Each structure stands twice: as structure tokens, then as C-alpha cells.
Amino acid sequence: MTDLASPPAVATEAGAGTDRLTPSERDRILAKAALFSPPPAVLADGRRELVGLSREEMTQALAEIGEKPFRTKQLWHWIYHQGVTDFARMSSIAKPLQAKLAERFVVGRPVAATVQTSSDETRKFLFRFRDGQEAETVYIPDRREDRGAVCISSQVGCTLSCRFCHTGTQGLVRNLGTAEIVGQFMAARDSYGEWPSPRGETPRLLSTIVLMGMGEPLYNYDNVARAMRIVMDGEGIGLSRRRITLSTSGVVPMMDRCGEELGVNLAVSLHAVRDELRDEIVPLNRKYPIAELIAACRRYPAASNARRITFEYVMLRGVNDSEAEARELVRLIAGIPAKVNLIPFNPWPGSAYLPSTREQLDRFAQIVMDAGFASPIRMPRGRDILAACGQLRTESRRTRPVAA
Ligand code: SF4
């Protein structure tokens, strides 16, 4: 774990359980965490970003310019159902009010600095935010059906330095704001022309969200939670919580909060079944060891047979892929409604590991399957554009000094 790891981590946990900290500890931690906050969602000319505001905040912002609460419903529909960014196209709003809104507000998107489409049709976006920081978002189409998953980033960089992950080599630059998180999904939709938001069972290309891009979402929980509430709102994008999966390396206290408050699907980056090894490849394990992590999975409220917890397991040749480890894995997760995604390691420049052989992958998968768990081998997608699991990284760097 890097030096940058603890401030946002503990601060977020402080929000969940401040009683464990003394007031001075809490103040110190919050001051450090503020260094990683996203910039305010306001343009240089003073116009305020509407994307990312809750309904209540939007109502408040409109009240400040003398507009009634019912305008929130109208704007919400245009912004999140129709996907409109230009007030002049909001035809149910009178022209004078359109102009007034345009003077005070903006409906923005992150800028797609580059868009690469893989030979397997996976599409990777490098999004640039207003302060010039960048994060990646990946659309992974389903090969069999007209739908797919949008893999969204929650931070620029990451604190956690998982040994197999390219993002982890970047360090944490900052947390993404609510508008920047929702904006990734909306901009990806723009790219596929998928507005207005499809209703109910209407087929949709961008049908699920996986919070598995850059960053640890539970270290930026407040912004992630706000963004997911917007995405789930039935009068806008309207994605059900069953279509959202949050992936964590195991921030145990926040897993409880996420389950209670959001109830989205949970994926856990397990990758090792012994603390000694997991301490090394997922350094967060030193703080929340395997037994605590598995206990948090057992009590995760959204887990049921219909909505299983996904355990992600990157297969590293000769490191974590033995048959004994497969047996230990099924012992650990026995009784949890779960599936195990086996991820062939995707090398990146400078990575220290090799992918497991196909034979070893199959042997491992068979043991897991024989124990009654689905264990799909996730074929890498978008590898030619470095869009596969663990390959995301941007050139964004931290420029502000970190407090001592
Ligand atoms: S695997 Fe996830 S949590 Fe670990 S370093 Fe990479 S982005 Fe961060």
C-alpha cells in the first residue's frame, strides 16, 4: 500500500464509524482526505454543473434562481431520460427560462480525449475532466446479445497498489466527483446513441454498470453512492440495482454500509486464499484479512441465490493457481451464494507475473465447479487496447503536495 493509502481510506471509514476515532484523529484524517477531493462542479464562469446533483440539491439550486420545485422533474427528465445537454432543446421549458438556465447552469460531460475500439468491439474511453485529470471507462459488449457492461472508474489512479494491476502503479491522484462518475456512463451512452433511456425490458446496449475501472469505489463511497442513486432513479436512467455491480478489494466496514444503503451486487477481488500471499498481492489485506473479508461477504444483505457475490480471482502462474488453493477457496466461501470469476492475468508493461496455463486454469475451474460454484473463465476483452481487467492506467499525476 502506498503512503497515500490511508487518508481517504480512513476518512471514508470515519464517516461510517467515527466513534472509533478521537476528535483530533478524525480532524487530521478529514484534512488529509480533503486533499483528494474532486474540484467543485462549477465552471470558471460561475455556471454550476447540474449533472450529479440529487433531486433535492437540484430543487435547491433552482429555488436560488426563483424557480419552483416542479422544474426539477422536468429537468431530470431532459437530463437523465432524454440525455439532452443543451437547454435550448428542452422543448417543454419556455424559451426565456431556457436562457435563464443556460446563464446559471450547465449540463456537461467529460471530454473523450481518446476513444479506442478493440478488434473484439470492446471500446475504451479516456475521459478528461475539467481540471485536466483523466480516467478510463470501458464498454464491454456481450458477444451473444445486444447488450453490454460499462466499466466505470471511481478514482483517478488508486491507492491500493495491487501487485497485478497497472492502475495500482499510478498512485492516487484524486477521487472522482458524482458528476464525473455519472458522466462516464452518460458519455458512453452518447457514443452509442442510446438516448432516450430505454424503458423496462426494452433492449439496451449499455445494460449494466460495473464499478471495476480505476480506483477502489469504497474509498470514494459518498460520490459513488450519490452517482449510483442517480443512475438508479426510475425517472431517468432507471438502471435497477440488480444491474449494478460494485467491485471492492475488501474495505470491510464500507461493504456493510454499501449493502445496507445501496443494495447493489457485490464483487470481491479475492485473488489469494492465504493471508500471507494476499498481503503481498492485495496489500489492503494487511488491514482487513481474509477471515474478516469473508465474514463481511456472509452478512452482505443483497446476497441471495438470485444475486450471488462474485469472487474475482486473477490467475497468476505458479503464484495462486494450485489445486490446493482451489480447494481452499471453496472451503472459504462454502455456504455463500457465490460465483468465482477466474481471470487470466493480462500482462502490462513492467508487470511481474505470467498468466496461468490453460490446463491449470481448467483444473482450478473444475475443482471450484465440482464444489457447486459457477466458475467462468473470463476471456480477456480489449487486450489489444489495454482495456482488459487490471490494465487501465492514465498519465494523470498528482500535482498538489500531500500533507505530512
Ligand atoms: S485492482 Fe483495483 S483496487 Fe487494486 S490497485 Fe487496481 S484499481 Fe486499485
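S9, H7 and S10 make a right-handed β-α-β unit; a crossover is right-handed if, with the strands pointing away from the viewer, the path from the first strand over the helix to the second runs clockwise. The model is predicted, so local features need pLDDT of at least 70 and side-chain atom pairs count only at pLDDT 80 or more, while totals for chains, interfaces and linings use all residues. Residues are numbered from 1 along each chain as its sequence is written, and side-chain values use heavy atoms, with hydrogens and water left out. Helices (H or I, at least four residues) and strands (E, at least two) are DSSP runs, numbered from the N terminus.

**Strand S10 and its neighbours**

- Strand S9 (residues 206-211) runs parallel to S10 and is joined to it by 3 bridges; two strands pair if DSSP finds at least two bridges between them.
- Leu-246 of S10 is the bridge partner of Leu-211, and its partner in S11 is Leu-266.
- From S10 the chain crosses through helix H8 (residues 252-261) to S11 in a right-handed β-α-β crossover.
- S10 and strand S11 (residues 265-269) run parallel, with 4 bridges between them.
- In S10 (residues 244-248), 5 of 5 residues are buried, where buried means under 20% relative accessible area, exposed over 50% and partly exposed in between (1.4 Å probe, protein chains only).
- Ile-244, Leu-246 and Thr-248 cover one side of S10, and Thr-245 and Ser-247 lie on the other.

**Aromatic rings**

- The structure holds 5 aromatic pairs; rings of Phe, Tyr and Trp (its six-membered ring) pair if their centres lie within 6.5 Å, and planes under 30 degrees apart count as stacked, over 60 as edge-to-face and the rest as tilted.
- Trp-76 and Tyr-80 form a tilted pair, at 4.6 Å centre to centre and 55° between the planes.
- Both residues of this pair, Trp-76 and Tyr-80, lie in helix H4 (residues 70-81), 4 residues apart, and both are buried.
- Arg-55 lies over the face of Trp-76, at 4.7 Å from the ring centre; a charge sits over a ring if NZ of Lys or CZ of Arg is within 6 Å of the ring centre and within 35 degrees of the ring normal.
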